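I kept each entry brief.

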Amino acid sequence: MKILPLIATSLILAAARSPAVAPPLQFGPVPTARQLAWHEMEFYGFVHFTVNTFTDKEWGYGDEAESVFNPTDFSAKQIVQAAKVAGMKGLIVTAKHHDGFCLWPSQFTEHSVKNSPWKNGHGDVVREISDACRQAGLKFGVYLSPWDRNSAVYGRPEYIAYYRNQLRELLTNYGPISEVWFDGANGGDGFYAGAREKRNIDRKTYYDWPNTWSIVRELQPGAMMFSDGGPDVRWVGNERGTAGDPCWATLNRADFAPGQADEQRLNRGDRPGTDWLPAECDVSIRPGWFYHAKEDAKVKTPEQLVDLYFKSVGRGASFLLNLPPDRRGRIADEDVKSLAEFRRRLDAIFSRNLAAGARVTASNVRGQDQQFAAKNVLAGNGKRYWSTDDDVKTPELVLDLGKPKTFNIVSLREFLPLGQRVEAFALDQWKDGQWVQFAAGPSIGSHRLIRGEFVTTSKVRLRITQSPVCPALTEVGLFTESPTQHE
Ligand code: FUL
């Protein structure tokens, strides 16, 4: 008679004693803490501003008189506010573009704001924008062009010391730096302090990048470093703002260096890849990187910006949108208007997850342990995830919405600390008593947004159709935009 309760008690005790189910092992390269923090930003801005703004050029030759730099009504606050209204999480400023003119009063050159009429030579654009960013809660980064068409010593070893001195100024005097942007462009010809000639450098060896990167690590360990080949974030291979599909977060980094870009591979990444090196999609809100009045009517529309958001952020890359200040030193009204409407549309979409409250079930839950429960995909905090037993690589997950709901956007995310795992998935809707596929994709990664036809259904099924290891997903979300908005 007493045997049954005894067995039950010993089973409960055994369960309590058994070790917790272990999480899945990491797969392939995984992001560093620095990269994980960057993945959370998703959308941030570029500010291209220099002598070019006043000479109406895209690439200054390096012979511009410092006196041309004279914004009539500069406002770092207005620039940062435009970025904030758009929902940007940070700004990266062209502290020095190819013309060599420094937006901060560098002690290593005369070619800077200190010799301009602006604020009688006492101005510092880097200071003002970095301060305004911090006040507004935005991160701040710098672009320091390796190519310098003004410097007399460009092309010689002395230039590397000069470049590093400037980098040290920027990394020590302006608070935390979130990203350092190492551009790869080098057209060869320039002013070079009057030489007016073509200077070619060996892109592989001249800059001695590893020793420059170690300065950044030493002075700003939290800063992400961008170049064609990282080391932390890679170029996406075009300046149109669109990632490949898929756009793997991994790349064989040894094949790349700043200024050496296989654009196809950068656009899609390498799978398998040796390094976690996600892509950044840089694009300007106008045709040019710098402000030109003749482009006032060519500002990207809110719908174009939303489309770019889906083709960058929605493919696991980041969206780096350039906002060029005009000759006043402010973001023009046309741009501000477009940014505000872009944000309004994104908020209208993402403020309401139609999957919230759904009953979530899965064909398998790792060790039948609640910590890996299917419903973790609704938690929305990126910390918990649904996973399966090691040998279950193609599981299914069903969201029962309780009643028919209409959506046209699906949002998926993998749990990045375990690497990029999934290689293909499909989505089905419950229609007329059976499952009907409405979308599929080749990767998930940090964020996968599917923007498609409107679907009305009471149940959605996610099928992982290819994965080398068990999946680990932190998000399955359903969203809708009003049909008129989806042109
Ligand atoms: C390029 C530069 O040549 C452009 O002027 C711009 O700064 C863009 C973001 O990167 O390589």
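At what angle do the axes of helix 6 and helix 7 cross, and within what distance do they come? I worked from a predicted model throughout.

**Entry 1: helix 6 and helix 7**

I looked up helix 6 (residues 157–173) and helix 7 (residues 209–219), and found that their axes cross at roughly 15 degrees and come within 10 Å. Angles under 35 degrees count as roughly parallel, and I therefore recorded helix 6 and helix 7 as roughly parallel to each other. I noted their crossing as right-handed. On the side of helix 6, the contact is made by Tyr163, Arg164, Leu167, Arg168, Leu171 and Thr172. Helix 7 contributes Trp209, Asn211, Thr212, Ile215, Val216 and Leu219. Sorted by class, this contact of helix 6 with helix 7 has seven nonpolar, three polar and two charged residues.

**Entry 2: helix 10 and its contact with helix 9**

I then turned to helix 9 (residues 302–312) and helix 10 (residues 333–350), whose axes come within 8 Å and cross at roughly 55 degrees. That angle makes helix 9 oblique to helix 10. The crossing of helix 9 with helix 10 is right-handed. From helix 9, I listed Pro302, Glu303, Leu305, Val306, Tyr309 and Phe310 as meeting helix 10. Their partners in helix 10 are Ser338, Leu339, Glu341, Phe342, Arg345, Leu346, Ile349 and Phe350. By class, I recorded ten nonpolar, one polar and three charged residues in the contact of helix 9 with helix 10.

**Entry 3: helix 10 and its contact with helix 4**

Helix 4 (residues 76–85) also packs with helix 10, at an angle of about 30 degrees and with the axes 8 Å apart. Gln78, Ala82 and Val85 of helix 4 meet Val336, Leu339, Ala340 and Arg343 of helix 10. This contact of helix 4 with helix 10 has five nonpolar, one polar and one charged residues. I noted that Leu339 of helix 10 meets residues of helix 4 and is also listed in the contact with helix 9.

Which residues of helix 2 (residues 33–41) are buried? I found Arg34, Gln35, Trp38, His39 and Met41. Seen down the axis of helix 2, these buried residues fall within an arc of 145 degrees, so they line one face of the helix. An α-helix has 3.6 residues a turn, so residues three or four places apart point the same way. On the face of helix 2 turned away from the buried side, I found the exposed residues Ala33 and Glu40. Just after helix 2, Glu42 takes a positive phi of about 60 degrees.

Definitions and conventions:
Residues are numbered from 1 along each chain as its sequence is written. This is a predicted model: local features need pLDDT of at least 70, side-chain atom pairs count only at pLDDT 80 or more; totals for chains, interfaces and linings use all residues. Side-chain values use heavy atoms; hydrogens and water are left out. Axes are lines fitted to C-alpha atoms, for helices over the stretch in contact, and angles run from 0 to 180 degrees between N-to-C directions. Helices (H or I, at least four residues) and strands (E, at least two) are DSSP runs, numbered from the N terminus. Angles under 35 degrees count as roughly parallel, over 145 as roughly antiparallel, 65 to 115 as roughly perpendicular and the rest as oblique. A crossing is left-handed if the near helix is turned anticlockwise from the far one by less than a right angle, and right-handed if clockwise. Contact means heavy atoms within 4.5 Å. Ala, Val, Leu, Ile, Met, Phe, Trp, Tyr, Cys and Pro count as nonpolar, Asp, Glu, Lys and Arg as charged, and the others, Gly among them, as polar. Buried means under 20% relative accessible area, exposed over 50%, partly exposed in between (1.4 Å probe, protein chains only). The arc is that of the directions from the helix axis to the C-beta atoms.
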